[in-house]
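This briefing sets out selected computed features of the structure shown below, grouped by topic for reference.

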Amino acid sequence: MATDNPYLAHLNPKKGGKSSASPTPGNNPLYGFLPRRVTGEQARKALESDVNPFTMQPHTPQYKKILEARKKLPVYSQMDEFFKIFSENQIIVMVGETGSGKTTQIPQFVCYSDLPHTKGKMVACTQPRRVAAMSVAKRVADEMDVQLGKQVGYSIRFEDMTEPGTTFLKYMTDGMLLREAMNDPELTRYSTIILDEAHERTLATDILMGLLKTLAKRRTDLKLIVMSATLDALKFQKYFSLKHGEVAPLFKVPGRTHPVEVFYTQEPEPDYVEAAIRTVLMIHRAEEPGDILLFLTGEEEIEDACRKIKIEADDLMNQDPDSVGPLVCIPLYSSLPPQQQQRIFDPPPPPRTPDGPPGRKVVISTNIAETSLTIDGIVYVVDPGFSKQKVYNPRIRVESLLVSPISKASAQQRAGRAGRTRPGKCFRLYTERDFMKELEEQTHPEILRSNLANTVLELVKLGIKDLVRFDYVDAPAPETLMRALELLNFLAALDDDGNLTALGGIMAEFPLDPQLAKMLIVSPEFKCSNEILTIVAMLSVPNVWVRPPSQRKEADAAKQMLTVPDGDHLTLLNVYNQYVANGQDKNWCWQSYLSARALQQADNVRAQLQRNMEKFDIDLVSIQDSNKLYTAIRMALVCGFFMQVAHKEGEKGNYLTVKDNQVVALHPSCGLDNQPEWVIFHEFVLTTRPYIRTVTEVRPEWLLEFAPQYFDLSTFPDGETKRALQRVLNKKQGKAAGRVDGTNSDKRMTKKQKR
DNA sequence: GAGCACTGC
């Protein structure tokens, strides 16, 4: 009998419940529900009830109204099927196209069957992006007629909108769940975990899939749903098969979108930007009213196309005012201030004269409009078939952005953007043959395109012993893993056997690249942890410098005022300190050509990192004397970034990176007033030529002193760099030999670096 | 004398 189930004790009137409206079989809509054996029919009845089963409060009129809208979602009509498949399986793969309602409805269905609130558990639903986690949680709280942050909540970096003991449905970013797994590898608080947007294959989702597959074997009480929008479900079904030769069950729901007619060019287009502009103008001249979405690859390209289209469209309108209406161009990319991003939701311009042809809006966007942002009213999509994609070269340890052809999946996603409100058209600026034969099926998952130093440290922290044999959905190149292990070993986060050191354990707790974490953790030894904390925060946010094309001189002059000639890292410190000294004032930022948004973010990151430091008793200290302070900071930088050092070669401004021997130049944004012989750099960027960016002068003695393993000269390739270091070493050894007590100046670091 | 696809902790 249901009432004998201890999980349902609180639903049993004889044993008494916590609710104020003491539940009876008559008024508790969940009375008689057996966890994970609930049927669609039972759930529908409960949904229609006048009482909210999770709060025992009467439903508001709003609830009924929203419920009627929910009933129209495709996923709603397959409720019986879902409850059956959920009852019968531990792992389910679900495919739901756009508009199916999967993200909002499936987690609620799960709650009605899993009844997490009766066993002190939670249902988690992960999202790749913060905004999605927040906005979906808000929507679902409304649908369930509860207050956001109570029964339904969300958890993202910087904001935990949940109430322990009350929240049983939690939306969260995939990265956040990964963090939680580091402290609780069994993820005991969850009864069901739903991975949404799995087809996007973010680094965090990929790692979670591997962890959860293994965890599901240990925790047979844990249910797992992997939700994806495209038809690559078979890959996930195979990956998550529990029995040899079988695949995980598939639950499929159709979408609700309008048809999109796709057009191809007859011949390949040699200049896709020019072709795109031409196509937009053709649509404007010849097609029915309806807004246009054009995909380009980056800020510069977008701003350029905006200007050109504007000029041409104005010409067209002036030549033929009776048949061509006004056109507005709206750029869209992530570094645009939110206020300007909002412009994409503006209505199209009105006709120039009351009876004239209607106006049209064209949004020119990066990939941000492919997944993150949805613009209603788009009827025409222009897809040149390119995007900037991250690529990682493990040989030289460099991540860079490359304009590359998109995948078929991506092209389909783009086309779909034309059919959200009514039937649309998609103009692909490549041939049908190229689409069929040349484009990859799927975009390569992020795990194959990234530096994995961070990920490897996380995996080791998660207790994964054999990284090469970890059950990846797609295994990264062994060389990428080796590079990550090598870096972590040099940083003393891993010992020579690949085991996590105490230092590595603390590094993993910081939401930072390992180099930054290392530098922050050792900084108290140099008495400059306050300053390193600031520098690390500044390096973790987008570029703070604003340089409008029309005011380059003014912006450069303003930057000069804040520049510290010893190094760009010190300049970043100075910028933050001035920002605080000026009361974090937006006007001051504006006048100084600084991004108030980025500085605000740096402040936020700094506060979070400071809380982490306090947790591990890492002291926050400063040296008063500013000369000594600056030297100390530069020493601490070396402890994290000794693998990113360059040595000047000749007088032409060329540098060679240490060990890799890449020829690089100081980036023009660099504020150093001379060209020091030895520099440490934060980034290697490959644009018109190889540059190093965010650069600070260091002394070669520090390299030998603070990173002796890496600067073991017997491992160095022959060359001027090695000879220069050898000279420094000889000088140093000469001095040491003359010393009576033989004190080793390396002592304070060697202690740290071993374990 | 140049740039910053997009996320996430």
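A residue counts as exposed when its relative accessible area is over 50%, and as buried when that value is under 20%. With a relative accessible area of 65%, D617 is therefore exposed. The model is predicted. Chain A is divided into domain 1 (40–253), domain 2 (260–447) and domain 3 (643–732), and the C-alpha centres of domain 1 and domain 3 are 50 Å apart.

**Surface near DNA strand B**

- DNA strand B is surrounded by 31 residues, of which R130, S334, K388, N543 and T687 are the closest.
- Of the atoms of DNA strand B that come within 4 Å of the protein, 59% belong to sugar and phosphate.
- By residue class, the surface near DNA strand B comprises 11 charged, 11 polar and 9 nonpolar residues.
- At least two residues of this surface are supplied by each of α6 (174–183), β14 (386–393), α20 (552–562) and β21 (690–697).
- Helix α6 provides the largest share of the surface near DNA strand B, with 3 residues.

- R130 places a backbone N or O atom 2.4 Å from a phosphate oxygen of DNA strand B.
- For T173, an N or O atom in the side chain lies 2.8 Å from a phosphate oxygen of DNA strand B.
- R552 has a polar side-chain atom 3.4 Å from a base oxygen of DNA strand B.

**Strand β17 and its partners**

- Strand β17 spans residues 645–649 and is mostly covered, 4 of its 5 residues being buried.
- Pairing between β17 and strand β20 (residues 678–686) is antiparallel and extends over 3 bridges.
- Within that pairing, W678 in β20 is the bridge partner of H647.
- Strand β18 (residues 654–657) also runs antiparallel to β17, and 4 bridges join the two.
- E649 stands opposite N654, a residue of β18.
- A hairpin is formed by β17 and β18, with 4 residues between them.
- In the turn of this hairpin, G650 has a positive phi of about 70°.

- V605 belongs to helix α23, which covers residues 596–615.
- The relative accessible area of V605 is 5%, so this residue is buried.
- Once neighbours within four places in sequence are set aside, V605 is in contact with R157, F158, A537, S540 and V541.
- M538 is 67 residues from V605 along the chain, yet the C-alpha atoms of the two are separated by 8.5 Å.

**Positive phi at residues other than glycine**

- D617 is not a glycine, but its phi is positive, at about 55°.
- The position of D617 is in the loop between α23 and α24 (626–641).
- K659 is likewise not a glycine and has a positive phi of about 70°.
- K659 is located in the loop between β18 and β19 (663–666).
- Which class of accessibility applies to K659? K659 counts as partly exposed because its relative accessibility is 22%, a value that falls between the limits for buried and exposed.

Technical notes:
Residues numbered from 1 in each chain as written. Chains lettered and ligands numbered in written order. Predicted model: local features only at pLDDT ≥ 70, side-chain atom pairs only at ≥ 80, totals over all residues. Heavy atoms only, no water. Near = heavy atom within 4 Å. Polar contact = N/O pair within 3.5 Å; in protein donor to acceptor, adjacent residues only side chain to side chain. Nonpolar A, V, L, I, M, F, W, Y, C, P; charged D, E, K, R; others polar. Buried < 20%, exposed > 50% of the residue type's maximum accessible area, 1.4 Å probe, protein only. Pairing = 2+ DSSP bridges. Domains from an automatic or database assignment. Contact = heavy atoms within 4.5 Å.
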